[in-house]
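This report walks through ring contacts, charges over rings, domains and a surface patch. Please keep the model open while reading.

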Amino acid sequence: MPVNVPGSDKIASNNPMSYIITKCIALLQMCASSKYKLRQIHAFSIRHGVPLNNPDMGKHLIYTIVSLSAPMSYAYHVFAIMHNPNVFTWNTMIRGYAETENPVPAFHLYREMVVSGVEPDTHTYPFLLKAVAKSLNVREGETIHSVTIRNGFESLLFVQNSLLHMYATFGHTESAHQMFESMKERDLVAWNSVINGFALNGRPNEALTLFRKMSVEGVEPDGFTIVSLLSACAELGALELGCRVHVYAFKVGLRENLHVNNSLLDFYAKCGSIREAQQVFSEMGERNTISWTSLIVGLAINGFGEEALKFFKEMERQKILPSEITFVGVLYACSHCGMLDEGFNYFRRMKEEYGIMPRIEHYGCMVDLLGRAGLVKQAYKYIQDMSLQPNAVIWRTLLGACTIHGHLSLGEIARSHLLKLEPKHSGDYVLLSNLYASEQRWSDVQSVRRSMLNDGVKKTPGYSFVELGNRVYEFTIGDRSHPQSQDVYALLEKITELLKLEGYVPHTANVLADIEEEEKEQALSYHSEKVAIAFMLLNTAPGTPIRVMKNLRVCADCHMAIKLISKVYDREIVIRDRSRFHHFRSGSCSCKDYW
Ligand SMILES: *[C@@H]1O[C@H](CO)[C@@H](O)[C@H](O)[C@H]1NC(C)=O
């Protein structure tokens, strides 16, 4: 099939080879938007006798293949028969692999290149480091880093940026930070990499600190910066800080950025400000699957399951394709609303209508759905029939359901699986001990506790975060490090008295192992979330909502006490614990006491 370019047949018939090659290259440079034309031009060149190994033709062909993201196997085919590819062509091949799903061949090519005597140049390393970052091959990355030091390329800004990006992607935030600190010149890309590295690797405070430094140095953020910051704020539950990022983002003109809007939505939902999240959603001019999914998951984990399902129906009506994460939200909503049949129905439709293979998270929701409905035996049967190998989370869900519904024998089965899968998980000892406690088997409760000590299981220390003014405060058990701690503890005692008037009885029945801390009697009034709430009651105006982020589950006693505090002090209190939200208002909680 001739190439559809005027005069090309004439050229082909009466011009020398070099002219044909020049023409083909010109054609290749014009076909930057069509893979179809690319193959036509290639065929055309072969038909007119251009040798397959012609380096000029090969160089341009490969460049076009890579630029069009055509298959790398095609590029390799051309590459393999080329004579003496130059550094440009090697780089193009490395870049091509770096951009695919499997970037590993990029390292092999790099070695071959060095062996064949071609010197890498400044462009080689950024592509190569991108491939290394993508493959998460730390050893390879460190080797290449030391090569760049030896050959002097490490001093170039874009090589430094690539190294920084690579370490941040590995989660080696310290190395990334070191790289960053050593850079003489830092552009926005560098700031973004280091901030994002901290934000995504559980170091949100550092991310925010660096952002302040960035503002001081007069570097303007872009959409990527804002997205990283919002995810840091979401993780810390730093609502006010995030709100400021929101205002700031719109001020610097990032209003029309879909990613920024999506991360705003996600941030508000994760901070328990579900109404703000909905507001962002409703004002968005453009929405994609991620926007819908964030809202649905956000509503579900905040305890608004029915609304989550309503939005899912609307999503389907608007023919927006749900993802597997959307379905995690949908199934979660069903299980928390006790909608058994709907849950099974959605699970089936996910597979049949949307062709989504259930993942372990979806099975987890189904086991939870059955467990919450009290169908513990069916849940066990379901686990046995699952097409995936049940993991610890699945067995833990069953164990939790057994604890709530007092099903001892199945609880012990679940426990035996957990011991094999994750022997030192302190939460499982807690659940098992609660199970025995609910059956009043105190000696078993004691022996669980002893085995926990003997097995050397460390309880995760509990802590809570609150945000006040410009700062995030952290509290631990019995925390007295804070200057206001005297007032805080005085208030805690007063609270206990007030609550007793409201009928509060400290809940000691199974508190023994329910919590992270050691001394139980004292611990009761001093759990980190209670300390945090007292601190906020002291420092905020009446009626201000209080938000607490906690790393562990809220214990039953605190849960009851906080319900009463919300009533007695007339405050809305939102607690995000390890896996969900509790919205306390006027003496009740959105979790309906099942969590
Ligand atoms: C982002 O949200 C704001 C309102 O919060 C809206 O004005 C803007 O149009 C949205 N941008 C996009 C791309 O949807």
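Tyrosine 76 and phenylalanine 79 both sit in helix H5 (residues 72-80), three residues apart, about one turn of the helix. Helices (H or I, at least four residues) are DSSP runs, numbered from the N terminus. The model is predicted: local features need pLDDT of at least 70, side-chain atom pairs count only at pLDDT 80 or more, and totals for chains, interfaces and linings use all residues. Residues are numbered from 1 along each chain as its sequence is written, and side-chain values use heavy atoms, with hydrogens and water left out.

Rings of Phe, Tyr and Trp (its six-membered ring) pair if their centres lie within 6.5 Å; planes under 30 degrees apart count as stacked, over 60 as edge-to-face and the rest as tilted. The count by this rule is 21 aromatic pairs. Why is the pair of tyrosine 76 and phenylalanine 79 tilted? The ring centres are 6.2 Å apart and the planes of tyrosine 76 and phenylalanine 79 meet at 40°, so the pair is tilted.

Buried means under 20% relative accessible area, exposed over 50%, and partly exposed in between (1.4 Å probe, protein chains only). Tyrosine 76 is partly exposed, at 36% relative accessible area. Phenylalanine 79 has 6% relative accessibility, so this residue counts as buried.

Phenylalanine 79 also pairs with tryptophan 90. That pair is edge-to-face, with 5.0 Å centre to centre and 80° between the planes. It links distant parts of the chain: phenylalanine 79 is in helix H5, tryptophan 90 in helix H6 (residues 87-98), 11 residues apart. Tryptophan 90 is buried too, at 5% relative accessibility.

## Further ring contacts

Phe312, Phe327, Tyr346 and Tyr354 form one aromatic cluster.

A charge sits over a ring if NZ of Lys or CZ of Arg is within 6 Å of the ring centre and within 35 degrees of the ring normal. The charged end of arginine 186 sits over the ring of phenylalanine 180, 4.3 Å from its centre. Likewise, the charged end of arginine 415 sits over the ring of tyrosine 429, 4.5 Å from its centre.

## Domains

The domain assignment gives domain 1 (359-460) and domain 2 (463-589). Such bounds come from an automatic or database assignment. The C-alpha centres of domain 1 and domain 2 lie 27 Å apart.

Isoleucine 81 lies in the loop between H5 and H6. At 40% relative accessibility, isoleucine 81 is partly exposed.

Note on methods. Helices (H or I, at least four residues) and strands (E, at least two) are DSSP runs, numbered from the N terminus.
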